[in-house]
Structures are given as C-alpha cells and as structure tokens.
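Below is a short report on the fold, surface and side-chain contacts of one protein. Please read it alongside the sequence and the coordinates.

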Amino acid sequence: MKRDYIQERKYIRAKKKVTEIKKFYIHLFVTILSLVVVTTINILFVPSFYFFWYAIMGMLIILSIHWFMVFGGYRLGLGKDWEEKKIKELMREGIK
C-alpha cells in the first residue's frame, strides 16, 4: 500500500517536471519566432534605428529566468522539494 503511494507520488512529480520542461521549450520556440518577426519588421520599416536589440535583450532576460526556474533552481538548493525538506527539518528541530 505504502509502496504504491510512493510510486504514484514519484509519477506525479515526474509528470509535473515534464510539463514544466515542455512549457519551457514552447516558450523558447515562441521567443525565437517573435524575435524573427520583430527583427524583420524593424529592418523593413525602420532601417535607420535598430530597436530589435531591446526586444532581444528583454526576451533573453525573461527566457533566462524561465530556464532558471525549470532547470537551474535545484542546483542552488531552491528546487520544488526545498520547501518540503525545510518544513520537515523545522518540525524535527521544533519551531522556536
């Protein structure tokens, strides 16, 4: 009984992680497509001023944050399990 619960919990976590990764790749694709469109519009209609660099910078910052949330947070100990581990630790020690 307990083993089934653990397996189900692992499956749910893995499924959530796959969903997060899928959303990141969709975000990456939309970002690339958007940058191509913005760059093309800029070069065609306002060739004297390259404003597409601002769009590139902003979108790359946002994409980097999304990447960090999906792939990089656990490397600093800030993954999804961090809260659960911290709660268990505080419960063991007794909250002061």
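Which residues does Thr-31 touch, not counting residues up to four places away in sequence? Thr-31 touches Met-59 and Leu-63, where contact means heavy atoms within 4.5 Å. Thr-31 lies in helix H1, residues 2-45. With a relative accessible area of 6%, Thr-31 is buried; buried means under 20% relative accessible area, exposed over 50%, and partly exposed in between, with a 1.4 Å probe and protein chains only.

The model is predicted, so local features need pLDDT of at least 70 and side-chain atom pairs count only at pLDDT 80 or more, while totals for chains, interfaces and linings use all residues. Residues are numbered from 1 along each chain as its sequence is written, and side-chain values use heavy atoms, with hydrogens and water left out.

**Overall fold**

The protein has three helices and zero strands, in the order α-α-α along the sequence. Helices (H or I, at least four residues) and strands (E, at least two) are DSSP runs, numbered from the N terminus. Helix H3 covers residues 81-93. The expected span of a helix is 1.5 Å times one less than its number of residues. For the 13 residues of H3 this gives 18 Å, and the end C-alpha atoms are 18 Å apart, which agrees. Just after H3, Gly-94 takes a positive phi of about 90°.

Of the 96 residues in the protein, 15% are buried. Among contacts between residues at least 6 apart in sequence, 64% join residues at least 24 apart.

**Individual residues**

| Residue | Relative accessible area | Class |
|---|---|---|
| Thr-31 | 6% | buried |
| Phe-52 | 9% | buried |
| His-27 | 22% | partly exposed |
| Ile-41 | 41% | partly exposed |

His-27 is also found in helix H1. Not counting residues up to four places away in sequence, His-27 touches Ile-62, Leu-63 and His-66. The C-alpha atoms of His-27 and Trp-67 are separated by 9.7 Å, and these residues are 40 apart along the chain.

Phe-52 belongs to helix H2, residues 52-72. With the same exclusion of residues up to four places away, Phe-52 touches Val-38, Thr-39 and Asn-42. Phe-52 and Val-38, 14 residues apart along the chain, have C-alpha atoms separated by 6.2 Å.

**Aromatic pairs**

How many aromatic pairs does the structure hold? There are six aromatic pairs. The rings of Phe-52 and Trp-53 have their centres 4.9 Å apart and their planes at 35°, so this pair is tilted. Rings of Phe, Tyr and Trp (its six-membered ring) pair if their centres lie within 6.5 Å; planes under 30 degrees apart count as stacked, over 60 as edge-to-face and the rest as tilted. Phe-24, Tyr-25, Trp-67 and Phe-71 form one aromatic cluster.

**Surface**

The accessible surface of the protein comes to about 8600 Å², of which 70% belongs to carbon and sulfur atoms. Accessible areas come from the Shrake-Rupley method with a 1.4 Å probe; for residues, only the protein chains shown count as cover.

A nonpolar patch on the surface has about 1200 Å² of accessible area together, and its members include Ile-26, Phe-29, Ile-41, Phe-49 and Tyr-54. Like charges are joined within 9 Å, and nonpolar side chains (Val, Leu, Ile, Met, Phe, Trp, Tyr) within 5 Å. H1 gives the most to the nonpolar patch, with eight residues. Ile-41 has its place in helix H1.

Terms used
Patches are made of residues with over 30% relative accessible area and no salt bridge: like charges are joined within 9 Å, nonpolar side chains (Val, Leu, Ile, Met, Phe, Trp, Tyr) within 5 Å. A salt bridge is a side-chain nitrogen of Lys or Arg within 4 Å of a carboxyl oxygen of Asp or Glu.
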